[in-house]
Amino acid sequence: MKKYRKHCLKMVVAGVLAWSSVGLTAAAESVTFQDVTSAYWGYDTIRWGVEQRLVSGFPDRTFKPDQYVKESEFLAMLLRYYANHGNALTLQPAGTYWADVYYRQAEAYHWPVSRAQSARPIKRGSVAKLIAASQGFRYDTNNAIQYLYNQGLVKGRGETASLTGFAKESYLTRTEAVQFIKNLADKSIVQAKPAPDQPSTPLIPPSEKLYPFTQNGKWGYMDAAGRVLVDPQFSNARPFRDGLGAVYFNGKWGFVGANGELAIPLQFDDVKDFSEGLAAARVGYKYGYINKQGKWAINPVYPLGSAYEYDRGVDFQEGLAVITQGNKYAFITKSGKVVSAAYDEVMPFQEGLAAVRVGNLWGYIDQNGKVVVKPQFDIANDFHEGLAAVARNGRYGYIGKNGAYVIKPQFSVEGLNYNYSGKPRLFDFHEGLARVMISGKYGYIDKTGKTVISPTFDTRNQTGDYATDFSDGLAMVRIGYRFGYIDKTGKMVIPAQFDEAESFSEGLARVRVKGKDGFIDKTGTWVISPQFSHARSFQDGLALVTPDGSNDQIYIDKKGNYVMKQVAGTDLIQ
């Protein structure tokens, strides 16, 4: 028994981390905390907190070091620390609730607390914001954490000095609460300050977008520098679009902002990505449109249909979006005003015009809903680079925006793949050239209709060869079950040698050999050797890859270096 007591902490008991209308009660007697030994990491911290009359134990002579702390309790501890060491604060009892005096002072200082949260456990990220505010800074969570690191006020859990190592979504424990206060004392920070009304200059360079990644089956986000701003915690997370990223957890969708905060709470049954400032959101069996504050810009009154279910124009594009009206489709403005007639089928606006179908024939309308090209085509594509592919009676060509043919209908639709409407898929112009199929072979024409790359790639042979649109000056082709690349003269600049391939993006192309993905440059030279079980194309200088033998998806730069800092992997939604 003596040996046990030797390793136990002798302290003063005064109640239960006991905030009351008169503050901490006086010390009653010297006892041992039966659940805190000298081997515990917070032994000295707890002793300091008791000596400073900031914390106490429980009547059963335990401290319960891992019990969560409420917002009101930490706020009271912080203000009492400042009152005892620096500020001439008047913390006299006021009101019927014991914490009223602390909330009044915090509100006067514009600190980020809420009486509505007073009885709930406080998260470590909220503690960071509160401490930063107490020193005259108004930061979002990640910048507040960075402030604590910069000031030497925190090391992070597990000695991991990173945003994710801080475990911002984890609840604060009793020992951690004392440690945060002790860190202030150790740095001689004793003066409480009001927080400004406006956000302080960020310490972390602001990002326009974040990048989703997975770890242990959970999704989080990092910035372009590899800083994890949103710890892995969601069941699904989509790429940023229009400044926000859609996230899913426990049956509901919301949005994360570029600062790593949940910008729109998880509350919708389904959402589309933001486009032009609005996002389609579903509640029950109706959908409407929300703005970036999560407020309804257009109330959820639209029934679900193929436009929503299959993303056929439901996003705003060039100021207009597609809605379902019975078995037909129309366009609305961002105010919800219907600006077109109802059509049997429509396509989103592209380059100022939208293809619409009346009966079996397609035409085009402008953004005022006026018919500018009367319905006359069996198939009609969007406009690309000023031209639209249209077909009639089994042959297709290209028209300008006045509806006149620029390239006469001379190409057969026979042998083409089919689109979602069950019609042959016509080819659009990309980088000044369009694919055409002549006698079962792919070639390319320019905008005058001149053949610039003779039909060479035979879809009818045993291997089903084909060609793709140009991207970054090269087009991917398949010859004999292998993939390579041609330039705009038709020259095979990278021989067909890969098992799989994608179009070039930002100067590099993902290719696959022997079951592994890597990246080549436009000379066909390996820039990043084949080593990933899966990889996606580069965007904004980063590519999402799955390392061989792993299910996690993380980012690499164009030199093949992993850019994401190590992630703790803690499950953070509680």
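**View 1. The surroundings of Arg238 in the predicted model.** The side chain of Arg238 reaches the backbone oxygen of Val271 at 2.8 Å, and a polar contact of 3.0 Å joins the side chains of Arg238 and Asp273. A polar contact is a pair of N or O atoms within 3.5 Å; within protein, one must be able to donate a hydrogen and the other to accept it, and residues adjacent in sequence count only if both atoms are side-chain atoms. Arg238 itself lies in the loop between β6 (236-237) and β7 (244-249); helices (H or I, at least four residues) and strands (E, at least two) are DSSP runs, numbered from the N terminus. Not counting residues up to four places away in sequence, Arg238 touches Pro212, Tyr221, Gly245, Ala246, Trp253, Val271, Lys272 and Asp273, where contact means heavy atoms within 4.5 Å. The C-alpha atoms of Arg238 and Pro212 are separated by 6.6 Å, although these residues are 26 residues apart along the chain.

This is a predicted model, in which local features need pLDDT of at least 70 and side-chain atom pairs count only at pLDDT 80 or more, whereas totals for chains, interfaces and linings use all residues. Residues are numbered from 1 along each chain as its sequence is written, and side-chain values use heavy atoms, with hydrogens and water left out.

**View 2. Lys168 in the loop between α6 and α7**. Lys168 is buried, with a relative accessible area of 5%; buried means under 20% relative accessible area, exposed over 50%, and partly exposed in between (1.4 Å probe, protein chains only). The side chain of Lys168 reaches the backbone oxygen of Leu229 at 2.4 Å, and a polar contact of 2.8 Å joins the side chains of Lys168 and Asn142. Leaving aside neighbours within four places in sequence, the residues in contact with Lys168 include Lys123, Arg124, Gly125, Thr141, Ile145, Val230, Asp231 and Gly260. The C-alpha atoms of Lys168 and Gly464, which are 296 residues apart along the chain, are separated by 54 Å.

**View 3. Helix α6 (residues 141-150), which is mostly covered**. Eight of the 10 residues of α6 are buried, namely Thr141, Asn142, Asn143, Ala144, Ile145, Tyr147, Leu148 and Tyr149. What covers these buried residues includes α5 (124-134), α7 and β5 (228-234).

**View 4. Helix α3 (residues 71-85) beside helix α7 (residues 174-186)**. The axes of α3 and α7 come within 10 Å and cross at roughly 25 degrees, which makes α3 roughly parallel to α7. Axes are lines fitted to C-alpha atoms, for helices over the stretch in contact, and angles run from 0 to 180 degrees between N-to-C directions; angles under 35 degrees count as roughly parallel, over 145 as roughly antiparallel, 65 to 115 as roughly perpendicular and the rest as oblique. The crossing of α3 and α7 is right-handed, a term used if the near helix is turned clockwise from the far one by less than a right angle, with left-handed used if anticlockwise. From α3, the residues Phe74, Met77, Leu78, Tyr81 and Tyr82 meet Ala177, Val178, Phe180, Ile181, Leu184 and Ala185 in α7. By class, this contact of α3 with α7 has 11 nonpolar, no polar and no charged residues; Ala, Val, Leu, Ile, Met, Phe, Trp, Tyr, Cys and Pro count as nonpolar, Asp, Glu, Lys and Arg as charged, and the others, Gly among them, as polar.

**View 5. Helix α3 beside helix α5**. The axes of α3 and α5 come within 12 Å and cross at roughly 25 degrees, and the two helices are therefore roughly parallel to each other. Here too α3 passes α5 in a right-handed crossing. Phe74, Leu75, Leu78 and Tyr82 in α3 meet Val127, Leu130, Ile131 and Ser134 in α5, and by class this contact has seven nonpolar, one polar and no charged residues.

**View 6. Asn381 in strand β20 (residues 379-384)**. Asn381 is buried, with a relative accessible area of 10%, and a polar atom of the Asn381 side chain lies 3.1 Å from the backbone oxygen of Leu426. Leaving aside neighbours within four places in sequence, Asn381 is in contact with residues including Ala355, Tyr364, Ala388, Ala389, Phe427 and Asp428.
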